[in-house]
Amino acid sequence: MGLEDEYNRAKVWIESSLDFNQHGNVNVFETTIRVLGGLLSSYHLKKDAILLEKAVQLGDRLAKGFNTRSGIPIPTINLKTGAHSRESLASTAEATTLQLENKYLSYLTNNRTYWDLSQRVNDIVAKQKSLDGLVPIYISVGTGEFSSDEIRLGSRGDSYYEYLLKQWLITSKMQPEFRTLYDDLHDRSQEAPCRLYQ
């Protein structure tokens with residue numbers, strides 16, 4: 001876009017002032033898609049090493065959110081201490097919308113940790129019972145099982161479906177389970193669109 005001056009000012013701030021060693025609880029999902037995703041997107045475009053360095057620093061702190069009994073990430077974490085919130089439920093959309101950033105971070109760093117943590121969430125969700133490919137909007141952090149019968153295509157459910165296709169594409173179409181889940185959902189929705197409300 002030609003905004004080189006703006007980019008360079010932001011880069012100076014990132015180098016001099018961006019510090020993730022801060023007390024305060026952050027939402028793992030929001031911080032992943034906005035802050036980690038922003039750093040990784042900028043690195044993809046500019047290849048400035050400081051952007052990847054900061055992404056790794058943040059990725060390591062956010063990875064502590066996956067340290068739960070089930071492997072489903074806790075919704076909120078303290079960036080400085082790694083302390084978890086006491087929440088027992090996670091939004092299905094939030095837990096399954098961390099994969100693109102984490103998998104790309106693994107790719108860039110040749111460190112499978114981020115990939116494996118986020119892929120484990122996919123594996124847990126894929127084993128659960130669905131309604132024609134549709135899944136409930138809450139999942140237990142403790143057990144990894146769905147914790148409600150409520151299904152929505154909007155908030156708390158939407159990006160789960162979006163990321164199925166995106167993960168298939170980002171892995172160069174080498175993980176067919178994502179395409180299969182996406183296709184099954186699409187096919188079933190065409191056959192029985194009213195099942196969602198029954």
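Which residue forms a salt bridge with aspartate 116? In this predicted model, the partner is arginine 112, with the closest N and O atoms 2.9 Å apart. Aspartate 116 itself is partly exposed, at 38% relative accessibility. The count of salt bridges comes to 6.

Another of these pairs joins glutamate 4 and lysine 46, whose closest N and O atoms lie 3.1 Å apart. This pair links distant parts of the chain: glutamate 4 belongs to helix α1 (residues 4-17) and lysine 46 to helix α2 (residues 28-46), 42 residues apart. Glutamate 4 is partly exposed at 40% relative accessibility, and lysine 46 is partly exposed at 34%. A further salt bridge, between glutamate 162 and lysine 166, has its closest N and O atoms 2.6 Å apart. Because these two residues are 4 residues apart in helix α7 (residues 158-170), glutamate 162 and lysine 166 are separated by about one helical turn. Glutamate 162 is partly exposed, at 40% relative accessibility, as is lysine 166, at 35%.

Glutamate 94, located in helix α4 (residues 92-95), is buried yet has no salt bridge. The nearest side chain of opposite charge, that of arginine 156, is 4.5 Å away. Beyond residues up to four places away in sequence, glutamate 94 touches Asn27, Phe29, Pro75 and Arg156.

The protein chain averages a pLDDT of 86, and 88% of the residues score at least 70. Confidence is highest in helix α3 (residues 49-63), at a mean of 98, and lowest in helix α8 (residues 176-191), at 53. Over residues 188-198 the pLDDT is below 50, and this stretch has 6 contacts in the model beyond near neighbours in sequence. Where pLDDT is low, the predicted coordinates should not be read in detail.

Notes
Residues numbered from 1 in each chain as written. Predicted model: local features only at pLDDT ≥ 70, side-chain atom pairs only at ≥ 80, totals over all residues. Heavy atoms only, no water. pLDDT = per-residue confidence, 0-100. Contact = heavy atoms within 4.5 Å. Buried < 20%, exposed > 50% of the residue type's maximum accessible area, 1.4 Å probe, protein only. Lys, Arg positive; Asp, Glu negative; His and termini not counted. Salt bridge = Lys/Arg side-chain N within 4 Å of Asp/Glu carboxyl O.
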